[in-house]
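Hi everyone. Please have a look at the structure on the screen. I'll take you through a few spots.

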Amino acid sequence: MSRQSKGNYRDKHGRQSARVGTRSDNRVFMFNRSWSSADVDRVKQQLKDVFDFWGKWNASSNAVADSLRKGVNPVPIPTPVLEDLPEWLLQDLVQRQKVSITPLNEFGFSVSRVPLPEIELPYWEATLRRHLPSINWASLGQSAPLEVLKRLRSEQMAVLQQSADTVASIDSRPSTTAIPVKGTLQQALKAYEAYVLKSQPTNWDRHGKIKQLIERHPDIPLATLDIEQCRVLIDYWCSRPERQDKKGRYSAKRSREQLYELDNFFTHTHVSTDFAWRKPEDFDLLNRKVAKDKSKESVSVITHKLVPVADLKKLMTQGSVIQRLIATWCINCSHGAGEIGRVQWGDLFLNQDHPWKSQGLQVEPGGNWVGFLRNKSSVVGWWQLWPETIQLLEQWKPEAEEILQRKVKDDDRLIINGKGNSLYNEDSKNGQSKFAERFNYHVEVTGITRITLGRLRKQLSDWIATKKADAVVSSLALGHGKPHSDDKILFAHYSNKPWVRLFEYQQEFRHQFFEQNSPKQVSATRN
């Protein structure tokens, strides 16, 4: 049994070390600051498994360990060398093949470093995958010497042709030449990753999902990716596997997103000219239902936790101008970081009729409005701004102009940091992180129960759904593309969305926090 150093201590250079092996046979592996603690822990366990499999540090185990420490993915399969093989595996080979080998060392076997033909590469690969499943092994085509691969391919093609002839005889049809599907699952995933990186270079979320597919699925020949193997890949995500940080399982939502990306991969590979793989018959009939998280299901817990009115009012009346503006805006318009973070000054229509009033929208004259297309879905959204929101905008505008050292322009983002850059970072994988930091500090300053900006976004829509029993307008407040699943045809083809009802509900929702007539507000209701 190997020994392993414990703890996540890092030296002054940010490096973390791991000692793996026994007292008399051990190695120290160093990981620089670019390695996260979670990744270090994962690789440390893999190194321990490698040592336990071989039972010592030798040329083969060292080669695998070095690949793991360097972050090589997939890990090349080491060439089987007689003196490096575990004793139990040597005994198994003798029993399987009935081959007598001249005993020359303490184990009773030859010490030749020439790859033994008795140790079949497919058997060796299967043994490594079976005993070291946590390692993403490369295919034989990525590991073995070319001359060995040519010989092995010739042998396997003969077996494949024999199988094809047998199946043809069973089916009572003429024999055909067996055409193998080239490539492996990992090669196809890497090709798909390259395609997405080129077509969507800044879609970090999607890049991360594809990386998970590459790291989580073991490599197999595409020729064996039949209906059952496809079911195995799909079922993996349907079961909601353990998260990478070991903090429970993936949520149902994230699992569905991974499943969607996996289906995109299948489709891309099906039509790709790089591989001859095709979706098997009945592929679309495979079950894709994701398991529910029953541990969170309870009649005693409300689906969306409600925030007390007093706490919401504190957020809108305490703190700096920018803090109060973000909180008030999100409560007013049911916006989160992704919505308010993308609002530009040109999206504001202040002290004027709604732009659609001239087109027949039955709303009273005047008012203050914000309207824009949502980033991902291009769905149009409109909201009426409260007087309190306008007052904070008027206070924030000169501060923003002082930061920018000029007048604001229509294409300037509304919410910026002290350097004049958008607080919402489009180029970051987690673009809302700065919003979260600023809002968390605001919550701490006001002393209210800890809430997130995401929960703040749901207050207006939840109030409309629960107090007014109006699911359609609740979805409209959130800017959803389909206000309600039952009404998607209606709103797509026959009717305008109920904008006026949304504006009415916004004003009624405001009355919980502020005096009805102070400051003066232009009503959106009809006479």
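Strand 6, residues 380-384, is largely enclosed by the rest of the structure, because four of its five residues are buried. Buried means under 20% relative accessible area, exposed means over 50%, and partly exposed lies in between, with a 1.4 Å probe and protein chains only. Strands here are DSSP runs of type E with at least two residues, helices are H or I runs of at least four, and both are numbered from the N terminus.

A caution: this is a predicted model, where local features need pLDDT of at least 70, side-chain atom pairs count only at pLDDT 80 or more, and totals for chains, interfaces and linings use all residues. Residues are numbered from 1 along each chain as its sequence is written, and side-chain values use heavy atoms, leaving out hydrogens and water.

Which strands make up the sheet, and in what order? It is an open sheet of three strands, in the order 4-5-6, with antiparallel pairing. Strand 4 (348-349) and strand 6 are the edges, each pairing on one side only. Two strands pair if DSSP finds at least two bridges between them.

Strand 5, residues 369-373, pairs with strand 6 over five bridges. There, Gly 371 sits opposite Trp 382. Strand 4 and strand 5 share two bridges, and Phe 349 faces Trp 369 of strand 5.

Now a loop. Arg 240 lies between helix 8 (227-238) and helix 9 (252-271). Is Arg 240 buried or exposed? It counts as buried, because its relative accessibility is 3%. Its side chain reaches the backbone oxygen of Tyr 250 at 2.7 Å.

Methods:
A polar contact is a pair of N or O atoms within 3.5 Å; within protein, one must be able to donate a hydrogen and the other to accept it, and residues adjacent in sequence count only if both atoms are side-chain atoms.
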